[in-house]
Amino acid sequence: MKRVDILFADGDLDERLVCALGLVNGKVQRIEGMQSVADDAMGGPIQVNGVKVYHDVEPEKFLDYLHTAYHSTYSWTEPPFEDDDESYDENGIFIDGLPDNAPIVPTLNGKESAPSDSATVSLPKGLKLSNLAEIAPKLTDTSFNHNSRTIHRKSNGQNLAEIAPIVKPKIIAGEVCESLVFALPTGLKLAFCPNGPGGGISNDCGGSGTGNDSGESLTNSVRSEPTTPPPPDSGEATAYRPDVTHDSDGDGVANAARVGVGAFEIPDKIPLLPNLTPEERQVEKEFADMYEHDPEGMVGSFYDQVMKVSAETGQPPIFETDAAKEWFPSWRGDMMSKSERLEFRATMNTPLHQTANVMAKAAFMRYLDTLKPGDELMVTNGGCGAGKGHALKEESGIKAALEMAAKSSGVWDSAGDQNSTENPWIQKEAEARGLKVNYLFVAADPKVRWADEEIGVVARAEKKGRMVDAEVFVDSYVQGAKNFDAFYQSNKDNPNASFHMVDANGRDKPMVDVSEPPNYLKAANRAELLKFAIDEIAKSKASGAIKSGAAAGQRIWKK
Amino acid sequence: MAKDIVAELVKTLDEEDARRDAAGEYAKENYKSDIPVKPLTLPKYNPDGSRKK
């Protein structure tokens, strides 16, 4: 008789399958073929042979759940049960009828796995190892699921079934790498590193993992997705595909970013992106159709909302592209469950950006027409998720930014996605109206702002859904710094423009004033940074939808 | 200090998201487009980001 205690489990509602990593008579074993029954197709609790397991469980709920999880059971697909031998032990832990010496073959997607294959295990969303420390003594009595992790077999062909025995799980908590470590023979250890350099589960928290291979695999997966050209039947040749470095007027600032519209443009017809999937194309086209059918109505509604907030808060009106995406019903989650909304936002940020950028620019121009000569504006610049908003708060300690905000009658909170290309347009429009513009640039380490477990865009996507594409993200830091620097150099003596720059480098250091965009951005190796972003997302604990959204640019702008 | 900075950054990001959510509520209540948004079945993804068959 074999005793099976489940350590980690991952459910799939569609396929009614739960995979798990468990202890089989003291040995780690990947278990495949647990039958589950979804009782809530929206991601709520599912049934694993009568025991509820939560797909989207919060840590607190998970800890409560542990107390009721003793009786999680499963069904083997191979080798078979001895039908009459199922029972529970004296502690209420399920004991199956597997013969003592039955061969246990790890499987992956129903097939016998090669030594180099990965197996998927999971943790509840938001669970941190500090929580696991509390429950470590109970680990052998529990099962839980959600948020995929990957086991990298690092033992040169030795699979998990051969790794034995488990001595005792223990927690090693550290500043850099918190680990759940299982003692294993011959010096091998299986460590759980949710945010460490190895990611997932590997033999070493500092190990190399297989991130590079994962990034390449993710890129290939995204590139293999079906695409459909911009309608109507005009083919990909009509798609909007600007060179993000092209500078036609020689001012050093590129004409356009890869998303949105040309810096000086507010077109009547929305330019459509290349190589979108049929689903992305539908969303992009519907939002564009909405705008093209009723530009005045949509821009007017957006404008009214911005002004309403300004009136309610007493703050100057803030115009930003991302807020305009809320005018697309599915983006704000109309008629969707929370999980559906998160999936939509994970993959549809880029397709909606085109129309949203036009709406925001048109509304901002409408506002400029209400100002009088001598009024001032503020424009924030910086990469995606750089902390532009934080620089405008007292807590940042950046007095110059606060002073800029205080004297400005309106704010253009530029999307990092636009790579600071819009500054010459804003300056021109402002000067035409006798206005002065105050520019704030926030520099930050793009690796931190991509991958940090709390403030990175990937982590934010897990919380709020919106996932920026990696190509766009990298442009926003590298090309964005170059564009801003060029604009600053050509306007630093302009009496109608003022500048302030800060560096928020690192994740937890105070912002500091700087005199120009730092070289670590202007001279950054774009290709290396892009590879980092793709590799990091591939080996992260993010959902498959977030990974797809983060890597979609590998298809959209493929060479 | 370090924790405070991260917490403040997270708080700011949450506030920005809340601001956008509020914009969405306003849009839902105050703007109706004549252009129908067709039902969309989102693709399902495997944990590695690949599209399910």
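Reader: How many bridges pair β17(A) and β18(A), and is the sense parallel or antiparallel?
Author: Bear in mind that this is a predicted model. Strand β17 (residues 376-382) of chain A and β18(A) pair over four bridges, in the parallel sense.

Reader: Which residue stands opposite A:Gly410?
Author: A:Leu377 stands opposite A:Gly410 of β18(A). Further along, A:Val379 faces A:Trp412 in β18(A).

Reader: What is the bridge partner of A:Val379 in β19(A)?
Author: That partner is A:Tyr439. β17(A) and strand β19 (residues 436-443) of chain A run parallel, joined by seven bridges.

Reader: Why is β17(A) largely enclosed?
Author: Six of its seven residues are buried, so the rest of the structure largely encloses β17(A).

Reader: Back to β18(A). Which way do its residues point?
Author: Strand β18 covers residues 410-413 of chain A. A:Gly410 and A:Trp412 point one way, A:Val411 and A:Asp413 the other. All are buried.

Reader: What about β16(A) and β18(A), how many bridges there?
Author: Two, in the parallel sense, with strand β16 spanning residues 318-319 of chain A. A:Ile318 has A:Val411 as its bridge partner in β18(A). A:Phe319 has A:Trp412.

Reader: What is the order of the strands in the open sheet?
Author: The order is β16-β18-β17-β19-β20-β21 in chain A. That makes six strands with mixed pairing.

Reader: Which are the edge strands?
Author: β16 and β21 (512-514) of chain A, each pairing on one side only.

Reader: Where does the antiparallel sense come in?
Author: Between β20(A) and β21(A), over three bridges. There, A:Asp503 stands opposite A:Val512 of β21(A).

Reader: Why is β20(A) largely enclosed?
Author: Six of the seven residues of β20(A) are buried, so the rest of the structure largely surrounds it.

Reader: Now helices. Which strands does α12(A) lie across?
Author: Helix α12 (residues 423-432) of chain A lies across β17, β18, β19 and β20 (497-503) of chain A. Its angle to β19(A) is about 160°.

Reader: At what angle do α5(A) and α9(A) pack?
Author: About 65°, with the axes 9 Å apart. Helix α5 is residues 295-313 of chain A, and helix α9 is residues 349-368 of chain A. The crossing of α5(A) past α9(A) is right-handed.

Reader: Which residues meet there?
Author: From α5(A), A:Met298, A:Val299, A:Phe302, A:Tyr303 and A:Val306. From α9(A), A:Met359, A:Ala362, A:Ala363, A:Arg366 and A:Tyr367. By class, the contact of α5(A) with α9(A) has nine nonpolar residues, no polar ones and one charged.

Reader: How many residues of α18(A) are buried?
Author: Eight of its eight, so to speak of helix α18 (residues 544-551) of chain A is to speak of a mostly covered helix. Among the buried residues are A:Lys547 and A:Ser548, along with A:Ile546.

Reader: Switching to the partner. How many helices and strands are there in chain B?
Author: One helix and zero strands. Chain B has 53 residues, and buried ones make up 25% of them.

Reader: How many residues of chain A are in contact with chain B?
Author: 47 residues of chain A, in contact with 34 residues of chain B. The largest share of that side of chain A comes from helix α4 (residues 278-293) of chain A, with seven residues.

Reader: How does that side of chain A divide by class?
Author: The side of chain A that touches chain B has 13 nonpolar, 15 polar and 19 charged residues.

Reader: Last thing, confidence. What pLDDT does chain A average?
Author: Chain A averages 70, and 61% of the residues score at least 70. Over residues 1-212 of chain A the pLDDT is below 50.

Reader: How many contacts does that stretch have in the model?
Author: 353, beyond near neighbours in sequence.

How values were computed
Residues are numbered from 1 along each chain as its sequence is written. Chains are lettered from A and ligands numbered from 1 in the order in which they are written. This is a predicted model: local features need pLDDT of at least 70, side-chain atom pairs count only at pLDDT 80 or more; totals for chains, interfaces and linings use all residues. A residue is buried if 20 or more other C-beta atoms lie within 10 Å of its own, exposed if 12 or fewer, and partly exposed in between; C-beta atoms are placed from the backbone. Two strands pair if DSSP finds at least two bridges between them. pLDDT is the predictor's confidence in each residue, from 0 to 100. Two residues are in contact if their C-beta atoms, placed from the backbone, lie within 7 Å. Ala, Val, Leu, Ile, Met, Phe, Trp, Tyr, Cys and Pro count as nonpolar, Asp, Glu, Lys and Arg as charged, and the others, Gly among them, as polar. Axes are lines fitted to C-alpha atoms, for helices over the stretch in contact, and angles run from 0 to 180 degrees between N-to-C directions. A crossing is left-handed if the near helix is turned anticlockwise from the far one by less than a right angle, and right-handed if clockwise.
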